[in-house]
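Student: I would like to go through this model by question and answer. Can we begin once the sequence and structure are on view?

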Amino acid sequence: MAFLRTLVWFSALAFVLFRVGEGKDILVGGSEDAWKIPKNASDSLNQWARKHRFKVGDFLIFKYNGKADSVLQVTGENYESCSTSKPIKEYKDGNNTKVKLNKSGPFYFISGADGHCQKGLKLEVTVISEKHRHHDNPPAFSPKPAIAPAPEPAKTSPNKALAYKDGTFLALASLLGLAFAFTSV
C-alpha cells in the first residue's frame, strides 16, 4: 500500500513538472527541406512563420545540409542587411539544429552560406509573451489604430495564485484527488 501511495505521488509530481515546462518542437517551414532559397516571396519562410504562434519554451528545428549551409541567429539590423560577420549564435550541425525560444520578442535567423540570405533565405520569428500563452490561434489581421487606446486598468483576481497556465491547476487538483482516493483505501 505504501508503494502504491509513493507511486501515485511521484506520478503526480512528474506530470506537473512536465506540464509546466513543456514546449513544442517546431520544424521550420513545416518540412524537412524548407531551409532553402525560396522560389518566390510567397514561398518564403516568413510567410510560414506569420501563420504560426511561437511561445516561450518552444524549439525551432532546422533541417539542412551542414556541409553546404548553416543557420545564423543575428540581430534585427544584421537580418535586414544580411550581415554574417557578427552572429549572436552560429549553428552548423546540419540535419537537426534545435534552437530554444527562451524569451518573448523577435528572433532573427539567416543563412550562413554566401549569398543565400540576399536571395531570401532568412527567417523572422516573433515569440509571444507569457501573458498571451492561452491563445492557440493567430489573430486575424487588423490594421493598427491611428491613436493607440489608453491601457485598461489592471484587473486582479483573488485566486490569481491558483491560476496556473494551460489548465495545469486543474490537472494537478485531479491527480491529488486521485492520490487521496487511492491512499484512503
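Student: What pattern does the protein chain follow along the sequence?
Tutor: This is a predicted model. The secondary structure of the chain comes to 4 helices and 8 strands. Read along the sequence, these elements give the pattern α-β-α-β-β-β-α-β-β-β-β-α.

Student: Which strands are the edge strands of the open sheet?
Tutor: The open sheet has 5 strands with mixed pairing, in the order β2-β8-β7-β4-β5. An edge strand pairs on one side only, and that holds for β2 (54-55) and β5.

Student: Which residue in β7 stands opposite Val 71?
Tutor: The strands β4 and β7 run antiparallel and are joined by 4 bridges. Opposite Val 71, the residue in β7 is Ser 111.

Student: How many residues apart in the chain are the two cysteines of the disulfide?
Tutor: A search of the whole structure finds 1 disulfide, and it joins Cys 82 to Cys 117 with an S to S distance of 2.1 Å. Cys 82 sits in the loop between α3 (76-81) and β5 (89-91), while Cys 117 sits in the loop between β7 (105-111) and β8 (122-128). The pair links distant parts of the chain, 35 residues apart.

Student: Is this disulfide left-handed or right-handed?
Tutor: The torsion about the S-S bond of Cys 82 and Cys 117 is about -70 degrees, so the disulfide is left-handed.
Both of its cysteines, Cys 82 and Cys 117, are buried. The handedness asked for is thus given by the torsion: left-handed.

Student: What is the phi of Cys 82?
Tutor: Most residues other than glycine have a negative phi. Cys 82 is not a glycine, yet its phi is positive. The residue lies in the loop between α3 and β5 and is buried, with a relative accessible area of 11%.

Student: Is Glu 90 exposed or partly exposed?
Tutor: Glu 90 meets Lys 92 in a salt bridge, 3.9 Å from N to O. Lys 92 is exposed at 53% relative accessible area. Glu 90 has 41%, which makes it partly exposed.

Student: What is the N to O distance between Asp 33 and Lys 36?
Tutor: The structure holds 4 salt bridges, and Asp 33 with Lys 36 is one of them. Asp 33 is partly exposed at 47%, and Lys 36 also counts as partly exposed at 38%. Their N to O distance is 3.6 Å.

Student: What share of the residues in the protein chain is buried?
Tutor: The accessible surface comes to about 12,600 Å², of which 58% belongs to carbon and sulfur atoms. Of the 185 residues in the chain, the buried share is 31%.

Methods: Residues numbered from 1 in each chain as written. Predicted model: local features only at pLDDT ≥ 70, side-chain atom pairs only at ≥ 80, totals over all residues. Heavy atoms only, no water. Disulfide = S-S within 2.5 Å. Buried < 20%, exposed > 50% of the residue type's maximum accessible area, 1.4 Å probe, protein only. Salt bridge = Lys/Arg side-chain N within 4 Å of Asp/Glu carboxyl O. Pairing = 2+ DSSP bridges. Areas by Shrake-Rupley, 256 points an atom, 1.4 Å probe, with all protein chains shown as cover.
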